[in-house]
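Here is a short briefing for a first look. Keep the sequence and the 3D view open while reading.

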Amino acid sequence: MALACTGACTMSCASRSTPAPPPIDATLSGFAVHLEPAPLRLAITTPSGRLVFDGLAPADVVPTSDDPDPPPLTGLAVRDVTTSVESLFGSFQFTDDGDAWRVARSASSIAADGGSVRFDALDGGGAPIARVAIASDRAGELAITVTPTAPPPAGARAWVSIASKCASDDRFLGFGDQERDAEHRGFTVPIFTSEPGIGKRDDDAPSPVYFIVGTRHASSFPLPLFVAKSGFAGVVDAPGRSLFSMCSERADVLRVSADATSGPGGAFVYRILDAPTPKDAAKAITAHWGRPRVPPRLAFGVWNDAIFGADHVRAFAKYLRDNDVPSSAIWTEDFRGGAFSGDNYRLSEEWGFDPTLYPDPTGLAADLRAAGLAWLLYYNTFVETDVSFFAEAEQGGYLIEHADGSTYTFENAKQKPASMVDLTSAKARAWMTGWLKQGLAVGAAGFMGDYGEWLPLDAKLADGSDPWVTHDLYPQLWQQAQRAALDADDVGGAAIPKEQRLSFVRSGWLGSTPLIDVFWPGDQRTDMEPDDGFPTIIPQAVGLSFAGVSTYGSDIAGYQSATNEYTSKETFFRWTELGAWSPVMRTHHGTAPLKEWHLDSDADSLAHWRRYAILHQQLLPTWERLAQQAHDTGVTIWRHLATDFPDDPAAWVNGYDEVMVGEAILVAPVIEKGATSRSVYLPAGARWYPFAGGTPIDGGQSVIAGADLSTIPVWLRAGSITTLLPDRVRTVIPSVSGVTTVEDVGDDRALLVAAGPDATTTETSGLAYTLSGATSLSLPAIDARWNGAPLAACATPAVAPCIDQTPGQATASLTGPGTLALDGATIEVDGGAATRALSIEVRAPAR
């Protein structure tokens, strides 16, 4: 650490009349820290020279509302807050009553040694309000830790606010699972884990129906982090409530505040990560809080749901196979029982197998497995008071309690009294894990691990922890219980190998990523409205992507129809199209399964689903390559446009309804009801080929893409190779008789090559493909060769080796490995059997 001062480098301001001590300059792990004691100013510059924090000196407060005590728009401030809480159905509404903000004006007791800069923050009267430490405990990170000088009075919590200058051209991504926005400049974003609601309001203001309609930022998996275009990531490194004012209170001020009482040692910890690009941010964030798992191959198969008992499940499995529809899993959430209430189908909250609907679960799991279908179940941590095991749970001390030690009950989503498992207790976790193992023992491949957001803030917990802290961490405790079952060697019974088991979840917090196999974004409404319907799928994914949440898929075509129309054919079609391009493709029957539109509702729907299910299954080598890349680097499968195009300002604001699949595929679903075309922004710095074929287009512009009801606009980046399986694979489950598996096609592949800059793609199996010298290629090629031998035109049917060419496209049928030469361009295929069948489709400008 380099210091600009001499001696012990300790200074103080005894009084306001004492001349201000000189500024302090220190270097902490490459970060340049500049501290001016009076008036207080802190400036932080990254190792690469970007000013990423400039604040703490209070400016004149400019009220933005009628609030008589507005927050400090710049500066460091603390105050004590007493909060009243309303809570129902997993939603929370807070009313804060706080002291006036105590604003820091100067610094004293400044010390800069041992790898940190420390000082007391003083108010205008010279009284200390907080101790501040600035240190780097990880490469590429700087932590600002603010500990209020006095603890809050009983019943109150200490809040800390810090603010910095906000550049006029800065943009902000992140904040986890956010339905309404992908870029957050101009918004104030509250972060706290909760039910997201049914529908979404435009703001976060209090509401008499807070427990039904969600606020704009209510989320099951919110994250106290953002990624700034100016080259850094900001993270509040603690559970509990936080608030991010993203240049919303004043255009030139970014303010972050949080409940410090929930932080480590009662401190507010704000981390600044050096992140020149969003990709750097994803790598840095996941290096600290955890990289995503590479899930079992099952995650990337096609999943379907089936309920109403074993006979119906078997019949639906037969329907899929009879109609040659790819499917690798059947998900059955009513294995525990279910019944209709009007049009809605309500699950039983028993955790064992319903003896009437599913009398032989082991036999059913085996029959499905023989058809190439894994069986998936459903669990949550609620314990209704009338279930058969409630007394066991209560007597065993497995449930959350009131302060007086009585069992804590609340009204669950079905308006029935229930409690929940106290997962802070080791014995309760073991008990919960035991139930999960019972499901796995029949041969199930895994389950949905639902909910996780409901922990009451006045519960008494077994480990004595503060429920305000544990509330945000409860999803991780739930995920740890799931992992304990999924990864166990002692499940017994008919359990499948642990390497093939998975779960899928909807809630989380910092640190959840390495625990999660699959994430789904909760219970969207069964419509195409932006307030909780189909358009919310991409914003949720890209907000989570910076924390490494990668293996992602939604309920096709929504779940909730309590306050909106049932799924229509149009909604089903549009959702299916995006589902095929999602890492996980899974249907849901919805709250009213006999009213919603499904793949078996008519012949058109079956054909549409089958077409896109085949495409999704063909993409398996791409899914697995990108999943491994996500595990290795933290850069996810689905990405915000700015992740790969950080230098294009328009890419930062066009991530709401477009998404990158890896580095080379841009997907732009039609999200407007009744639309048959849409505007698509193609990022600058690349040339783009329509997936369906056509003339390439230079990026940096918006184009109108036609999209009838069966079409989704997709574009390929020039200089890319997309690897696909042959279109005959129907399951990823191995060793299945009578159904084409991945193993059955061996090394056979279909390649989709977009001519442009040199590129290399390597599958997780080691099979590799290299494009070279194709920047000026045009088609048809004059000279086409495979391993040096001229290629003739294909006959009907095609017999390898041969090639068909039209203006802008060439399709070669080959037996590999080898080199395809098209004039001066080459496509090298390395590895695999000498008999492997290859179909290589090349796109290039028309000659």
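This is a predicted model: local features need pLDDT of at least 70, side-chain atom pairs count only at pLDDT 80 or more; totals for chains, interfaces and linings use all residues.

**Arg 131 and Asp 120**

- Arg 131 and Asp 120 form a salt bridge through their side chains, with N and O 3.2 Å apart.
- Arg 131 belongs to strand E11 (residues 128-135) and Asp 120 to strand E10 (residues 116-122), so this pair ties together parts that are 11 residues apart in sequence.
- The two side chains also make a polar contact, again at 3.2 Å.
- Beyond its neighbours within four places in sequence, Asp 120 is in contact with Ser 106, Ala 107, Ser 108, Ser 109, Ala 130 and Arg 131.

**Other salt bridges**

- The structure holds 57 salt bridges.
- One of them joins the side chains of Asp 489 and Lys 498, at 2.9 Å from N to O.
- Asp 489 is exposed, because its relative accessibility of 69% is over 50%.
- Lys 498 is partly exposed, with a relative accessible area of 29%.
- Arg 847 and Asp 823 form another salt bridge, where the closest N and O atoms are 2.8 Å apart.
- Arg 847 sits in the segment after strand E52 (837-843), while Asp 823 sits in the loop between strand E50 (818-822) and strand E51 (825-830), so the bridge ties together parts that are 24 residues apart in sequence.
- Asp 823 is partly exposed, at 29% relative accessible area.
- Arg 336, Glu 349, Glu 384, Asp 386, Lys 414 and Lys 416 form one network, joined by salt bridges that share partners.

**An open sheet of five strands**

- This open sheet has 5 strands in the order E42-E43-E52-E49-E48, and the pairing is mixed.
- Which strands stand at the edges? They are strand E42 (720-724) and strand E48 (802-806).
- Each edge strand has a single partner strand, so one side of each is left without a neighbour in the sheet.
- From one strand to the next, the twist averages 15°.
- Strands of a sheet pair through backbone hydrogen bonds, in either a parallel or an antiparallel sense.
- Strand E43 (residues 749-754) pairs with E52 in the parallel sense, over 6 bridges.
- Ala 754 stands opposite Arg 843 in E52.

**Val 33, a buried residue**

- Val 33 lies in strand E3 (residues 31-36).
- Val 33 is buried, because its relative accessible area of 2% is under 20%.
- Which residues does Val 33 touch, not counting those up to four places away in sequence? They are Ile 24, Asp 25, Ala 26, Leu 28, Leu 42, Ala 43, Val 117, Ile 134 and Leu 142.
- Val 33 and Phe 340 are 307 residues apart along the chain, and 63 Å separates their C-alpha atoms.

**Helices H2 and H3**

- Helix H2 (residues 310-322) packs with helix H3 (residues 361-370) at an angle of about 0°, and their axes are 11 Å apart.
- H2 is therefore roughly parallel to H3.
- At the meeting point, H2 brings Ala 310, Val 313, Arg 314 and Ala 317, and H3 brings Gly 363, Leu 364, Asp 367 and Leu 368.

Technical notes: Residues are numbered from 1 along each chain as its sequence is written. Side-chain values use heavy atoms; hydrogens and water are left out. A salt bridge is a side-chain nitrogen of Lys or Arg within 4 Å of a carboxyl oxygen of Asp or Glu. Helices (H or I, at least four residues) and strands (E, at least two) are DSSP runs, numbered from the N terminus. Buried means under 20% relative accessible area, exposed over 50%, partly exposed in between (1.4 Å probe, protein chains only). Two strands pair if DSSP finds at least two bridges between them. Axes are lines fitted to C-alpha atoms, for helices over the stretch in contact, and angles run from 0 to 180 degrees between N-to-C directions. A polar contact is a pair of N or O atoms within 3.5 Å; within protein, one must be able to donate a hydrogen and the other to accept it, and residues adjacent in sequence count only if both atoms are side-chain atoms. Contact means heavy atoms within 4.5 Å. Angles under 35 degrees count as roughly parallel, over 145 as roughly antiparallel, 65 to 115 as roughly perpendicular and the rest as oblique.
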